[in-house]
Amino acid sequence: MSADRARSDGTGDALLWPSFTTRLREVNDALAGCGHVAISGTWGSGRSTLLAAVARSAPPSVRVLRLTPGPGDERYPLGALAQLLAPLARAVDSLPTAHAARLREVVDRPGTAPADRPALRTALAELFGAGPGTWLVTVDDAQWLDEVSAAVLFGAVRAVDAGRVQTAVARQTAWAGASRDGGAFDHVPRVRLGLLTLEETIAFVQDRGVRVGRGPAIHRACGGHPLLVRALVDGRAGTAPLTGLTGELPPDVGELCESWLASVPRPVRTALTPLALAEQPTRLHIRRTWPALDERHIADALAAGLLRPLPGDRVGFAADLVRRHAAAAISGDERAAAHRALAATATDPVLAARHELLSADRPTPQQLNRADDAARTAREGGDPALAADILLAAARRTPSAQRGRHLGRLTSAALDAGAAGRADLALGAARALAEARAGTEEVVALLAAVDASGQDLAAMDQLLVRARHLARSRPALLAAIDMRSAIRHNLAGRPRQARQDAQRAVRAARQAHRPDLAAAALTMQARIERITAHPSASGTLHEALALATGQAHLAVRETPQYLACRHAFYDDRLDVAETTLHELLVAAEASGSAEDLQEVLRSLAELNARRGVGPRAVHFGERALEVSRDVGLSLGPAWYSRALAALCGTSFTEAARFARLGEAASREVDDQVFTSRNVFVQGLVDLVTGRPARAVDQLHRVADLEQRQGVRDVCMLRWHPELVEALALAGHGAQAQETLVRHRDAAGPRELATGWGAGLLRAEAVLHAQTKDHRRAAELLERAAEQFGGLGLTLDRARTYLALSRTQRACRHYAAARRTAERAAGLFDAGGAAHWAALCVPTRPAPDERGAEGSLTEAETVMADAVLRGASNKEIAQELFVSVKTVEATLSRLYRKLDVRSRSQLAALLRPA
């Protein structure tokens with residue numbers, strides 16, 4: 001029995017298919033619209049669950065017929081029709097004698113009754129047309145329908161009056177060509193069920209109490225297959241990271257992998273087996289290696305979701321687990337032959353050397369040397385992960401007598417794995433070095449694993465303790481350990497300890513005569529000093545810049561040039577920052593370091609978001625997120641940058657969603673830095689979408705987190721002006737005033753000259769507007785807009801014009817308000833921020849110019865005020881002792897009266913500033 005069939009009653013775990021409700025609505029809409037719908041999906045994608053839910057949701061007047069053929073049923077003519085008619089004996093008996101006799105014979109003698117198709121079609125059409133009500137026929141696994149049943153069934157459906165019979169037909173995508181509906185539904189709506197997205201996988205992982213940070217690895221291992229995800233999460237929830245799984249798979253996981261592979265015809269399965277040994281081959285490489293392999297088999301595997309298309313006409317297994325399961329089924333001799341064939345046809349010398357190495361359990365010295373050369377070429381070509389994979393394979397095959405070569409390959413593999421962000425490969429090398437009692441080399445591998453761990457601070461702690469024990473009195477190693485300890489303390493919000501570790505690393509690096517390490521340690525020290533507003537910050541950075549000149553062994557993210565670029569960004573010297581970032585992007589891409597590349601891409605996303613260039617912010621943010629997902633880095637930082645990009649370039653909803661994911665991922669690894677940043681984005685979304693009370697709560701959380709971390713540089717995370725504005729709009733004027741004065745008085749000329757200072761002017765204006773001092777508010781907003789414009793902060797400039805238009809409208813300067821709103825909308829549109837432009841609703845009131853608000857009823861006024869406070873419909877209903885439906889109806893009237901379409905637009909229209 002298939003996994004789909006096991007859930008044919010529709011009781012499958014709803015969280016297993018997070019988009020289930022949406023798909024059910026699509027199917028029911030299609031049935032209501034044209035009466036028919038075609039559903040397709042891979043094995044295990046939830047087709048049976050969806051059909052069962054469709055049947056349950058049918059009205060009582062609809063008679064439901066369910067048809068569920070299985071493998072082999074296609075060989076028995078009329079077998080499916082017999083199954084369909086079996087529960088309809090009474091209805092069949094009520095038909096005219098000739099029709100009833102034909103249909104009874106099908107039930108009594110399935111597979112042997114004469115196949116008089118026209119007569120059977122007529123009889124079945126008569127059955128569908130008889131009696132009151134309508135019919136719903138659901139067909140699951142339509143690829144197994146026998147040809148005669150399909151012709152009779154769908155012919156009868158076409159023969160009856162429109163609307164009399166509805167059909168929902170589901171089939172596996174891998175067998176789409178085997179469906180025998182005669183083209184009856186070629187033009188009906190189609191609903192495609194796919195594999196889970198990363199976000200859907202994470203939602204399921206969270207529900208099972210598993211860390212969000214494990215979501216990408218689980219998604220990569222399972223390819224997003226719902227049943228595999230569940231089996232792996234439930235069976236391995238407390239184990240180590242899943243990238244590069246080793247050892248035996250849990251039995252249920254292996255069985256599911258086998259079932260997925262068995263969902264395609266045997267020739268397709270046979271063709272897939274050797275591909276499990278290839279490294280994302282091109283189609284040309286596949287044809288050159290196995291000329292007899294039918295291209296249609298690859299197409300069928302793609303349709304089944306087992307393979308996925310990749311850039312450059314490549315294909316790869318969608319799920320690492322399935323690839324591993326398929327590879328495990330290959331015998332030793334077949335495996336060696338497949339690797340030899342792949343080596344012989346590979347046009348890439350690196351891959352040729354890899355397959356040549358893997359084809360031999362005892363390679364020759366020449367083969368091992370070629371593997372070393374291949375790893376070097378892969379590294380220099382920006383693919384350190386492939387270099388690490390080759391070197392680990394070579395190390396395992398190095399004769400025990402060659403200890404130096406064995407340890408050297410393992411150490412190089414660890415360094416390459418660290419650069420690639422592959423903690424699993426680095427840890428594998430570290431374990432092998434520990435078994436060999438390598439000492440110093442093991443420390444190098446452990447530090448590489450730390451580098452690949454990203455923001456996973458718990459893993460970092462364990463590795464650093466072991467590394468420090470092994471390093472003992474070696475100053476260069478101790479400097480490297482102290483550097484990473486400083487990073488760990490910084491992320492955990494302990495700047496004092498982080499600075500002490502960085503200073504200790506500087507001393508050890510100088511003792512070891514390692515200027516590259518000293519420059520990196522000074523850079524870390526300068527980073528902490530800037531965060532804490534230490535007076536030495538600038539001097540320390542200049543010292544690092546001088547020391548780093550000519551040093552070629554620093555990771556991009558550790559260079560003082562990168563930190564200087566970040567400081568320029570904080571100070572709104574955006575042209576300087578952008579020029580340097582693009583230079584560093586080239587270096588990061590060439591290095592192959594996943595963490596370097598992610599860092600630079602995130603900075604470019606944040607810079608373009610601050611500029612208000614939405615499409616470019618989204619482009620860089622998505623690239624950073626993709627890098628993090630692919631190699632298993634912590635997603636907290638990447639989700640923060642993606643949230644900022646969404647806030648600027650796509651939608652407020654998307655920004656909040658990414659920020660919530662980023663907060664969860666950061667919290668679970670004790671990353672205080674990106675916890676506060678992701679919470680900040682959520683607070684900002686609440687503020688600009690008319691929920692100031694919620695914004696106050698979120699921004700107070702940010703303030704608490706920043707205080708605990710000892711952050712004193714106000715230009716890094718600019719929550720202070722947003723908190724003042726949120727407090728003012730939420731009705732906490734005194735607290736807003738106190739917060740404003742405190743931060744403004746503590747700031748110096750540098751801070752006040754940045755966008756942070758302009759933000760304070762805008763917040764002060766909002767505070768004045770709340771006290772009806774609109775003239776002063778307008779003056780401050782004009783100054784803020786000019787300052788934002790001079791700094792190139794277009795989004796903030798447009799946002800300030802939007803606030804100014806509301807102030808002008810409150811003064812009944814309607815023409816000026818409209819012009820200012822249009823100016824804001826133009827700036828938003830130019831930056832690709834259509835969701836911001838939507839807030840610039842018409843500001844002219846009703847034709848009598850008394851103000852649209854003047855014509856509101858008392859109930860509408862009360863509800864408008866509640867919307868401005870950020871209250872939900874349920875909260876409004878509870879406050880007013882009415883039903884939620886009454887609130888919805890009143891708000892709908894309010895929207896029509898004020899010509900707005902959403903709560904955000906309503907808040908934007910009615911809010912004074």
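Predicted model: local features only at pLDDT ≥ 70, side-chain atom pairs only at ≥ 80, totals over all residues.
## Helix H2 and Ala32

Helix H2 covers residues 20–33, and Ala32 belongs to it. Ala32 is exposed. Its relative accessible area is 67%, and exposed means over 50%.

Val106 lies 74 residues from Ala32 along the chain. The C-alpha atoms of Ala32 and Val106 are 31 Å apart.

## Helix H9

Helix H9 runs over residues 198–207. Its buried residues are Leu198, Glu200, Thr201, Ile202, Phe204 and Val205. An α-helix has 3.6 residues a turn, so residues three or four places apart point the same way.

Gly209 follows H9. The phi of Gly209 is positive, near 75°.

## Aromatic pairs

The whole structure holds five aromatic pairs. One of them joins Phe569 and Tyr570. The centres of these two rings are 6.0 Å apart, with 50° between the planes. That makes the pair of Phe569 and Tyr570 tilted. Phe569 is buried, and so is Tyr570.

Ring pairs also build a cluster. Its members are Phe652, Phe828 and Trp836.

## Charges over rings

Phe569 has a further contact, with Arg610. The charged end of Arg610 sits over the ring of Phe569. The distance to the ring centre is 4.0 Å.

Arg657 lies over the face of Phe658. Here the distance to the ring centre is 5.4 Å.

Notes
Residues numbered from 1 in each chain as written. Heavy atoms only, no water. Helix = DSSP H or I, 4+ residues; strand = E, 2+ residues; numbered from the N terminus. Buried < 20%, exposed > 50% of the residue type's maximum accessible area, 1.4 Å probe, protein only. Phe/Tyr/Trp six-rings, centres within 6.5 Å; stacked < 30°, edge-to-face > 60°. Lys NZ or Arg CZ within 6 Å of the ring centre and 35° of its normal.
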